[in-house]
Amino acid sequence: MNVFNMPKGGGSGAGGPRKVNMNIVLIGAAAVLALVGLASCGQTIQPGNVGVKIRTLGPNAGVDAVPLNSGWHINLPGERIVEFPAIQRTYTYTRESDERGPENEEVSFSDNNALPMTADVQLVMRIDRAKAPALYTRYRLTFDQLFEGPIRNDVRSAIAAETELVSVEFLYRGGRQQVIQKALARVNRKWEPQGVNISQLDWIGTIRYPQVILDSIQAKTKADADASAAQAQVAVAKAQADAKIEEARGQAEANRLIAQSIAASPSVVQLRAIEKWDGKLPQVTGSATPFINLKNAE
């Protein structure tokens with residue numbers, strides 16, 4: 001064995017495998033970083049939503065006319081995706097805080113006498129998938145911005161326009177459903193052609209009337225009830241009086257007929273007296289003719 005011919009470093013090819021292993025590690029790390037970078041550039045459109053891609057760089061800058069289905073989509077530099085709900089969901093405008101924040105979003109309106117009221121309402125709505133890109137192109141707003149801005153303003157305006165045609169008594173006594181349905185028709189005339197489909201618009205709870213109006217309506221309701229009760233009592237009393245009058249008329253007619261019968265046949269009186277006589281003669285008699293004429297009775 002010739003020790004002088006051995007390579008420097010103390011072993012056969014020791015540096016080669018180490019260098020290869022290092023290259024593999026570096027390539028793997030680069031691949032991981034590339035995947036992480038690629039994932040960070042993508043966006044997942046949630047199930048039930050439709051996506052609209054917006055490009056801010058390059059010759060195709062603008063809103064992509066083709067809507068994106070739910071799932072993962074890559075975003076290149078200068079690209080972003082805005083989501084819209086493509087299935088029906090319920091949204092609310094309320095005084096109390098909700099998942100969108102603590103803001104008071106109740107709807108205010110008045111009746112035909114300018115009496116102020118407020119209420120909470122809810123909508124069931126969705127965005128037409130095919131019209132989502134055009135909707136964003138027109139307003140340049142996300143769905144939340146659209147819902148909290150232009151749509152809310154139109155809902156409030158539609159309700160106010162309908163309530164201004166009626167009285168607060170009409171709303172209080174059951175007319176509010178008719179009003180809210182007319183308001184829904186107003187909103188849909190504007191938004192349905194643009195791809196915003198609102199299938200329901202309803203009150204949440206009761207309308208918040210001014211307390212003075214509630215007191216006035218309740219007092220009027222009580223007065224109407226008292227008047228109805230009084231009219232019912234008058235009707236009963238009149239019916240009872242009419243019954244007594246008819247009874248008296250019947251008795252008077254009966255007496256008239258009896259008197260007429262007696263005048264026509266005096267023997268009837270004698271016959272009735274005989275029917276009631278117990279057969280005993282009076283113990284004291286005078287010169288007057290007895291009540292019963294025995295000779296005539298024979």
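Student: Which strands form the open sheet, and in what order?

Tutor: In this predicted model, the open sheet consists of 3 strands in the order 3-2-5, with antiparallel pairing. Strand 3 (62-63) and strand 5 (79-85) each have a single partner strand and stand at the edges, so one side of each is left without a neighbour in the sheet.

Student: Where does Asn 104 lie, and what is it in contact with beyond its neighbours within four places in sequence?

Tutor: Asn 104 belongs to the loop between strand 6 (89-93) and strand 7 (107-110). Beyond its neighbours within four places in sequence, Asn 104 is in contact with Thr 94, Arg 95 and Arg 152. Thr 94 is 10 residues away along the chain, with 6.4 Å between the two C-alpha atoms. The side chain of Asn 104 also reaches the backbone nitrogen of Glu 106, at 3.1 Å.

Student: Why does Asn 104 count as partly exposed?

Tutor: Partly exposed covers the range between buried, under 20%, and exposed, over 50%. Asn 104 counts as partly exposed because its relative accessibility is 44%.

Student: Where is confidence lowest and where is it highest?

Tutor: Where pLDDT is low, the predicted coordinates should not be read in detail. The mean is lowest in helix 7 (residues 294-297), at 50, and highest in helix 2 (residues 132-139), at 96. Over residues 1-13 the pLDDT is below 50.

Notes. Residues are numbered from 1 along each chain as its sequence is written. This is a predicted model: local features need pLDDT of at least 70, side-chain atom pairs count only at pLDDT 80 or more; totals for chains, interfaces and linings use all residues. Side-chain values use heavy atoms; hydrogens and water are left out. pLDDT is the predictor's confidence in each residue, from 0 to 100. Helices (H or I, at least four residues) and strands (E, at least two) are DSSP runs, numbered from the N terminus. Contact means heavy atoms within 4.5 Å. Buried means under 20% relative accessible area, exposed over 50%, partly exposed in between (1.4 Å probe, protein chains only). A polar contact is a pair of N or O atoms within 3.5 Å; within protein, one must be able to donate a hydrogen and the other to accept it, and residues adjacent in sequence count only if both atoms are side-chain atoms. Two strands pair if DSSP finds at least two bridges between them.
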